[in-house]
Amino acid sequence: MVYAAMAMALVLIWRATRVVNFAQGAMAMFSTYVAVSVIDRGGNYWEALVVALVFGFAAGAVVERVLVRPVESKPPLNAVIVTLGLLILVESGAAMIWGDSLRSYPSRFSQTGLKLGGQRVALSPFDLYIIGAVLVVMAGLVVLFRATSLGLRMRASAFEPEVARLLGVRVGRMLTLGWALAAVVGALGGILVAPKVFLDPNNMDDVLVYAFTAAIVGGLDSPVGALVGGLGMGLSLSYVGGYLGYSLETVGAFVILIVVLMVRPEGLFTTTTPRRV
Amino acid sequence: MLEVSDLRVAYGAVSALDGVSLSVQPGVTTAVLGANGAGKTSLLRAMTGMVKAKSGRVVWKGTELTRLASEEIVRRGVAHVPEGRGVIQDLTVEDNLRLGGLWRSDREDRRRALEEMYEFFPALKERRRRSAYTLSGGERQMLAVGRALMARPELLLLDEPSLGLAPIIVAQIMELVARLSADTGLTVLLVEQNARAALSISKRAVVLSLGKVVVEGAAADIAADEELRHHYLGF
């Protein structure tokens, strides 16, 4: 589920800017730390969530304006380097501010399995909360992109920025908005999963790899694909982890990634022709 | 209404426009002609901010456009159908059209503009929900023009609309532009390599060669000047 949320954030940024953000996980982690700070100062779960989401939105916008805008019209490699640099910067920053030992994050909902006909099931209220949140966000994104003029302008800005400018679209603003939205989704993903995975500056690295793979499996152009890809990844990786040992999970992710790229590079859910990544 | 003064455009060390001046009156269709590389496309691109002019000025209805961003120029009533049409292939026909009018805030007006486009281009109406990449060249040209018209511009810049199209389609497009201008008083600046087609619907013409204006005058006169036609326009 977490992979699905992170994958959605990546897909969103890809759609909005044609730039893959390697710092996505790190930014989400940073926002989660911000949430923890709020809790440390006595805030409750929901206040922390709201503050972190607002922070995420602002951070995404600032990153786009300051770091990504200068490299948008340059070769894609420049953007890759910039986001990788950002990744290192954000993780080190978090470690410097909050220390790099593990921290726990309180959960608002019970994490023990629900009782179903007298038996405990591997699904807790907390899991339902995560699933619900992810579905709501995904529905919101689909509506945004398919049914609103804002979504249309954002998609046009991503596909053909020059043409969009000739149609009066303020492309710069659309790109900033895209990054801000993606940062919010990422922050939500980080906070959703934080109670299950202890918080440390590097905790999002693995999730980033999984989410990126999920996004590619589903097709970088499709939020539905990202969601299904994420769920599929989660399931397959649990099997890998369970049967072959946890250390092989990351390897499993890469194997899936390679297979998909070889067999169907455009992902399982796109309708457009494959693009160079 | 539109004044271009001593415009110079260069791509690095290569000079594309070497001091071009022209003026366009309201409601008049002006053809911009010349061989490949004469600077015709660079002229339009500089006018709508797609490329920054090295020096010179473009003034439209009293406002200087030279330093403005493309999206701001468009919002002042100038529409530009670029070379190659610029149809957004991943979007549907309807989305492409709607996109053209979105910067206008009146929703009713936008809806009416869309209906008008569908009346003017019935082929587009039939294909409204299809992805733009399924359209033929002629249909894409119609889509690009329709999209530009959604914002009800006062000046329409058309860059090589006949490129890659069969002669019969070219004739249709030209007839369409002529009808548009006659019906709505639209001012048109038509860049074309197909000089014969362009001259047939234009009132005035400007001929460029190697980045400079070599002739400017009434389209009929230029069409009648055989020597000029052979030398610069290829027919």
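This is a predicted model: local features need pLDDT of at least 70, side-chain atom pairs count only at pLDDT 80 or more; totals for chains, interfaces and linings use all residues.
Residues are numbered from 1 along each chain as its sequence is written, and chains are lettered from A and ligands numbered from 1 in the order in which they are written.

**View 1. Overview of chain A.** Chain A has 11 helices and 2 strands, where helices (H or I, at least four residues) and strands (E, at least two) are DSSP runs, numbered from the N terminus. Along the sequence the pattern is α-α-α-α-β-β-α-α-α-α-α-α-α. Of its 277 residues, 45% are buried; a residue is buried if 20 or more other C-beta atoms lie within 10 Å of its own, exposed if 12 or fewer, and partly exposed in between, with C-beta atoms placed from the backbone. Among contacts in chain A with a separation of 6 or more, 70% are between residues 24 or more positions apart. Two residues are in contact if their C-beta atoms, placed from the backbone, lie within 7 Å.

**View 2. Packing of helices H5 and H8 in chain A.** H5 (residues 125-147) and H8 (residues 171-193) of chain A pack at about 175°, and their axes are 11 Å apart. Axes are lines fitted to C-alpha atoms, for helices over the stretch in contact, and angles run from 0 to 180 degrees between N-to-C directions. H5(A) and H8(A) are therefore roughly antiparallel to each other; angles under 35 degrees count as roughly parallel, over 145 as roughly antiparallel, 65 to 115 as roughly perpendicular and the rest as oblique. On H5(A), A:Ile130, A:Ala133 and A:Val137 meet A:Val185, A:Leu188 and A:Leu192 of H8(A). By class, the residues of this contact are 6 nonpolar, no polar and no charged. Ala, Val, Leu, Ile, Met, Phe, Trp, Tyr, Cys and Pro count as nonpolar, Asp, Glu, Lys and Arg as charged, and the others, Gly among them, as polar.

**View 3. Overview of chain B.** Chain B contains 10 helices and 10 strands. Its C-alpha atoms fill a box of roughly 45 × 40 × 35 Å, taken along the principal axes. For 235 residues, a compact globule would have a radius of gyration near 18 Å, and the 17 Å of chain B agrees with this. The radius is taken over C-alpha atoms, and the globule rule is 2.2 Å times the number of residues to the power 0.38. In chain B, 46% of the 235 residues count as buried.

**View 4. The side of chain B that touches chain A.** Here 20 residues of chain B are in contact with 17 residues of chain A. Helix H2 (70-74) and helix H3 (93-101) of chain B are the elements that give two or more residues to this side. H3(B) gives the most, with 4 residues. The side of chain B has 9 nonpolar, 5 polar and 6 charged residues.

**View 5. The six-stranded sheet of chain B.** An open sheet of 6 strands has the order S6-S7-S8-S3-S9-S10 (chain B), with mixed pairing; two strands pair if DSSP finds at least two bridges between them. S6 (78-81) and S10 (212-218) of chain B stand at the edges with a single partner strand each, so one side of each has no neighbour in the sheet. From one strand to the next the twist averages 15°. Helix H6 (residues 137-149) of chain B packs on the sheet, where it touches S6 and S7 (155-159), and its direction makes about 165° with that of S6(B). Strands S3 (residues 29-33) and S8 (residues 187-192) of chain B run parallel and are joined by 5 bridges. B:Ala31 has B:Leu190 in S8(B) as its bridge partner.

**View 6. Strands S1, S4 and S5 of chain B.** S1 (residues 2-11) and S4 (residues 55-60) of chain B pair in the antiparallel sense over 5 bridges, and B:Glu3 stands opposite B:Val59 in S4(B). S4(B) and S5 (residues 63-64) of chain B also run antiparallel, joined by 2 bridges. B:Trp60 stands opposite B:Thr63 in S5(B). The hairpin of S4(B) and S5(B) has 2 residues between the strands, and B:Lys61 takes a positive phi near 50° there.

View 7. Most residues other than glycine have a negative phi. B:Asp6, in strand S1 of chain B, has a positive phi of about 50° although it is not a glycine. B:Leu210, in the loop between S9 (204-209) and S10 of chain B, also has a positive phi of about 50°. B:Asp6 is partly exposed, with 13 other C-beta atoms within 10 Å, and B:Leu210 is partly exposed with 14.
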